[in-house]
Amino acid sequence: MSGHNLSLSELAGILHAEHELLGASFEQVGEGLEIVAAYTAAESEVDAFISGAALADLTGLSSLLISGEPSESLANLAFAGRVLSVGEGAHEAVLSGDGSLLAAPLLARTGDHEYVAWDLTGRAETGLSWVRFLAGIEQDGRAPFAGIETPDISTRLLPLLLAGPAADPVLLDYLHGQSLPAPGQVASLTLDRIPCLVVGLPDLPHAWLLLVPPQSARILWRSFLSFPVVTPVGRRAVDAWLSREYDWYRVVQGAGRMALSRDRLRELGLVRAGDSFVGARGLDALG
């Protein structure tokens with residue numbers, strides 16, 4: 001995954017003027033980051049996910065790249081959900097050694113020796129940091145994941161969310177014969193000559209995470225909004241929509257560790273059977 005990191009404030013600034021023109025209200029969520037809470041016509045934002053196409057700027061979405069020869073071994077140890085093939089993605093639990101739930105990021109396998117994890121819930125400080133810690137562990141004088149790289153790439157690409165039944169024809173207008181990834185699939189696509197990583201959100205039709213080169217983000221943002229069916233939405237509407245669509249999203253909120261049983265985590269689709277991941281024995285102790 002190529003690209004150069006900007007500062008978070010530089011990335012947030014790319015679309016800031018666009019949001020102001022649309023009447024956005026902002027919230028400060030961290031040092032150097034203001035996000036769009038809502039726009040002037042906030043009452044119509046959630047409806048866009050149902051009857052049109054909702055477009056959201058997700059700048060600040062925590063993103064972790066895992067690359068190198070041992071990446072498959074690390075991913076299968078650190079992420080407790082599905083074992084992924086190249087081109088697949090899933091929401092997966094990250095557990096501490098005692099089985100506590102730290103996070104439930106979206107994990108995509110983007111190559112034979114490359115994965116990317118995005119945290120939609122704001123729990124990256126514990127979850128993705130834990131993954132980086134596991135990458136550096138040593139056991140009996142050796143480092144099982146030697147040579148692996150786990151850089152924070154949160155500012156390398158600008159993330160946009162486009163979702164809703166009208167999103168399909170909008171995106172197809174840019175693909176020129178390419179196919180949209182199905183839910184739970186990831187693909188590198190060219191949107192009108194702009195190279196993007198496109199992730200079909202797992203289990204959701206008509207919902208895509210678009211990772212866009214920062215220098216092209218304003219072009220695509222304006223282009224998408226030229227479609228009458230596309231409505232810009234803020235993070236409050238995104239949170240409301242995700243909470244409605246994903247049971248796990250409602251559960252995985254707040255700070256700190258959470259103790260959920262293995263059965264509950266499997267019900268939420270966040271863990272796989274067996275004990276081949278960190279925290280599996282802790283889950284058994286939880287009952």
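**Salt bridges in a predicted model**

Tutor: In this predicted model, glutamate 72 and arginine 109 are joined through their side chains by a salt bridge, at 3.5 Å from N to O.

Student: Why is the contact between glutamate 72 and arginine 109 called a salt bridge?

Tutor: The N to O distance is 3.5 Å. The cut-off is within 4 Å, between a side-chain nitrogen of Lys or Arg and a carboxyl oxygen of Asp or Glu, so the pair qualifies.

Student: What makes this pair a tie between parts that are apart in sequence?

Tutor: Glutamate 72 belongs to helix H4 (residues 71-78) and arginine 109 to strand S8 (residues 106-111), so the parts tied together are 37 residues apart in sequence.

Student: How do you know whether arginine 109 is buried or exposed?

Tutor: Its relative accessibility is 8%. Buried means under 20%, so arginine 109 is buried.

Student: Why is glutamate 72 called partly exposed?

Tutor: Glutamate 72 has 34% relative accessibility. That value lies between 20% and 50%, so the residue is partly exposed.

Student: What makes arginine 262 and aspartate 284 a salt bridge?

Tutor: Their side chains meet at 3.2 Å, N to O, and the limit is 4 Å, so the pair counts. The two residues link distant parts of the chain, with arginine 262 in helix H10 (residues 262-267) and aspartate 284 in helix H11 (residues 280-286), 22 residues apart.

Student: Why do arginine 262 and aspartate 284 get their accessibility labels?

Tutor: Arginine 262 is at 14%, under 20%, so it is buried.

Methods. Residues are numbered from 1 along each chain as its sequence is written. This is a predicted model: local features need pLDDT of at least 70, side-chain atom pairs count only at pLDDT 80 or more; totals for chains, interfaces and linings use all residues. Side-chain values use heavy atoms; hydrogens and water are left out. Helices (H or I, at least four residues) and strands (E, at least two) are DSSP runs, numbered from the N terminus. Buried means under 20% relative accessible area, exposed over 50%, partly exposed in between (1.4 Å probe, protein chains only).
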